Amino acid sequence: MKSVLGAGLLALAAAVGAQPTGAFPAKPVVPGTGAGVHSPDSPIPPLPERSDALPWSLLTAVKHRTENKRVLPLFSPEQLALDGKPQRLQGFMMPLQPGEKVRHFLLSSVPLTCSFCVPGGPESMVEVRTRTPVAYTPEPVLVEGRFHVLRDDPMGLFYRMTDAAPVR
């Protein structure tokens, strides 16, 4: 029973991007795999890089540290330079409120494959607050708004976009 529980906790930690400590040996994550990386087995095609949008590779390259049982981001100068500036970002919507149209959602670098699962860690999601309601779609969307780099968000987020609007 102990090994089954240990394996389950290790799998859960790997799924949320946590690094296990203590009795369990850490398994290295193979680059290009894991939470926040588009699976080649997904029926939804990966997002193509756009020259007119912020690349997810820049956002997901954030490092982090643990302080007082909290995971805090360690942003690069390139990531910090984005703070407070207008940006465009393409991604998959994860509504944070009910309804066909929403003003508050997460934009993810990878598609949602389970309505109860988060597809990646905080480095692969941006909280978005829009000016007007936006119709939910499972297809990728492009939004533009003021980008914020969050150094110590109480909800554990690393990025936020405010005053956003969809780009047609």
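What follows is a short account of the salt bridges in this structure.

Please bear in mind that this is a predicted model. The salt bridges in it come to a count of ten, and I shall discuss a selection.

Let me begin with Asp152 and Arg70. Their side chains meet in a salt bridge, with an N to O distance of 2.7 Å. The two residues lie 82 positions apart, so this pair links distant parts of the chain: Arg70 belongs to strand β2, residues 70–74, while Asp152 sits in the loop between β6 (141–149) and β7 (159–166).

I turn next to Arg88 and Glu144. In this salt bridge the closest N and O atoms are 3.4 Å apart. Here, too, distant parts of the chain are linked: Arg88 is in strand β3, residues 86–95, and Glu144 is in strand β6, with 56 residues separating them. Arg88 is partly exposed at 25% relative accessibility, and Glu144 is partly exposed at 34%.

Which residues join this pair in a network? Through salt bridges that share partners, Arg50 and Asp52 are connected with Arg88 and Glu144 in one network.

Finally, consider Arg160 and Asp153, whose side chains form a salt bridge at 2.9 Å, N to O. Asp153 has a relative accessible area of 10%; this is under 20%, and Asp153 therefore counts as buried.

Notes:
Residues numbered from 1 in each chain as written. Predicted model: local features only at pLDDT ≥ 70, side-chain atom pairs only at ≥ 80, totals over all residues. Heavy atoms only, no water. Salt bridge = Lys/Arg side-chain N within 4 Å of Asp/Glu carboxyl O. Helix = DSSP H or I, 4+ residues; strand = E, 2+ residues; numbered from the N terminus. Buried < 20%, exposed > 50% of the residue type's maximum accessible area, 1.4 Å probe, protein only.
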